[in-house]
Amino acid sequence: MKAWIVRGKGDPWDVFEMGDFPAPTHEALTGYTVDLAGLRTRNEGEPPADDYVFMRVRAATLATPDITMATGEYPIPIERPYVSGQEAVGIVEEATENLRHLIGKRVVGFTPQPWGCFAEQCVALGSALYEAPESMSDEEAAAFVIAGHTAYQAVHRRGKVQPGERVLVLGAAGGVPSSAVQLCVAAGAEVVAVAGGPEKAEFCRKLGATLVIDHRAEDFVAAVHRACGPNSIDMIVDFVQGEAGARARPLLAVEGRHVMAGHAGGLIPIHPNEFYVQNWTLIGCCMGSGYGDRLPEIEDTAHRHLLSLVEDGRYQPQVGRVIGFDDIPEGLRALAGRRVSGRIVARVE
């Protein structure tokens, strides 16, 4: 099958290769197990993957892990060669026994390596696989699951947002952060959105943020102090980390929470004294990590919540750009350069 293949390490626009990659088969999947890496070569005694579908890809969404997996900066090593792409919408062509009712249906879901969705066909895991909402286009559906579910886990399950709280969202115009902005607004929180550039700032205002700070025009820490006062943030939802996360943390109120749910700005050490002395809480949030058999129930809860907001008109996947299949490496360059609001979706079919 035609696919974007990664064999070496480097920026995607340098190391992605267009070529033929073996299509997934049930026989091939017996050699893999499922863990944080997605599909990983199975060691003796480990159970084989047994909850998946083969999907004919219609549209695929670009994401930061496509960049960090290629460069080797992703927190979990990814076996090579692999096909990149984490999330897609498509038609189920084949499935394991418990998912055969989905054959022929349009679905959305997580597409793990080595058979990611930057290809004509991919694997999607049953733990995060759903029929695509009829109200959504292929592009919207492709951008729905990972952004919405990850934001839900950060805002609700892990962050436990409350009405009336003031929440700071870093990188707020990005694909997942823009979902977090919508969820916080829908929950009755006051959102302080930090984004880069006037277009992204306006994008965040349209999502319902109460205060929007263009960090390219002014220091966001000083802007929060001026507008809200010191120690005025109840929760930071952080998909950036790095220096931005470290600088944001002193804005927290007593018993404030810092939810770390991404790493677009890199990973730097954190000293425990910050939290010990200030009575702050550091919260990790990684979609799917460590939940085991509980994962389907947890993801189903997130999905029901998101669908209810979609039906009420309070949540919508944010597609900022649609590109062609051949343009995926350059789309990832735009993503790395933070030149898009919302998500970038590639038409594959």
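In this predicted model, six strands form an open sheet in the order E13-E12-E11-E14-E15-E16. The pairing is parallel. Strand E13 (211-214) and E16 stand at the edges. Each has a single partner strand, so one side of each is left without a neighbour in the sheet. From one strand to the next, the twist averages 15 degrees.

At one end of this order, strand E12 (residues 190-195) runs parallel to E13, and four bridges join the two. Val 192 stands opposite Leu 211 in E13. Helix H8 (residues 220-228) packs on the sheet and touches E11, E12, E13 and E14. The direction of H8 makes about 150 degrees with that of E13. Another helix, H5 (residues 145-158), lies across E14, E15 and E16. Helix H5 runs at about 150 degrees to E14.

Strand E15 (residues 252-260) is paired on both sides. Strand E14 (residues 233-238) runs parallel to E15 and is joined to E15 by five bridges. In this pair, Met 235 stands opposite Arg 257. Strand E16 (residues 281-284) is also parallel to E15, with four bridges between them. Here Met 260 stands opposite Gly 284. Seven of the nine residues of E15 are buried, so the strand is largely enclosed by the rest of the structure.

Leu 170 belongs to strand E11 (residues 166-170). Its relative accessibility is 2%; the cut-off for burial is under 20%, so Leu 170 counts as buried. Leu 170 and His 215 lie 45 residues apart along the chain, and their C-alpha atoms are separated by 10.0 Å.

A further contact joins two helices. Helix H3 (residues 64-71) and helix H12 (residues 328-336) pack with their axes 9 Å apart, at an angle of about 100 degrees. Angles of 65 to 115 degrees count as roughly perpendicular, and H3 and H12 therefore fall in that class. Thr 64, Asp 66 and Ile 67 in H3 meet Leu 332, Leu 335 and Ala 336 in H12. By class, this contact has four nonpolar residues, one polar and one charged.

Methods: Residues numbered from 1 in each chain as written. Predicted model: local features only at pLDDT ≥ 70, side-chain atom pairs only at ≥ 80, totals over all residues. Heavy atoms only, no water. Buried < 20%, exposed > 50% of the residue type's maximum accessible area, 1.4 Å probe, protein only. Pairing = 2+ DSSP bridges. Axes fitted to C-alpha atoms, helices over the stretch in contact; angles between N-to-C directions. Parallel < 35°, antiparallel > 145°, perpendicular 65-115°, else oblique. Contact = heavy atoms within 4.5 Å. Nonpolar A, V, L, I, M, F, W, Y, C, P; charged D, E, K, R; others polar.
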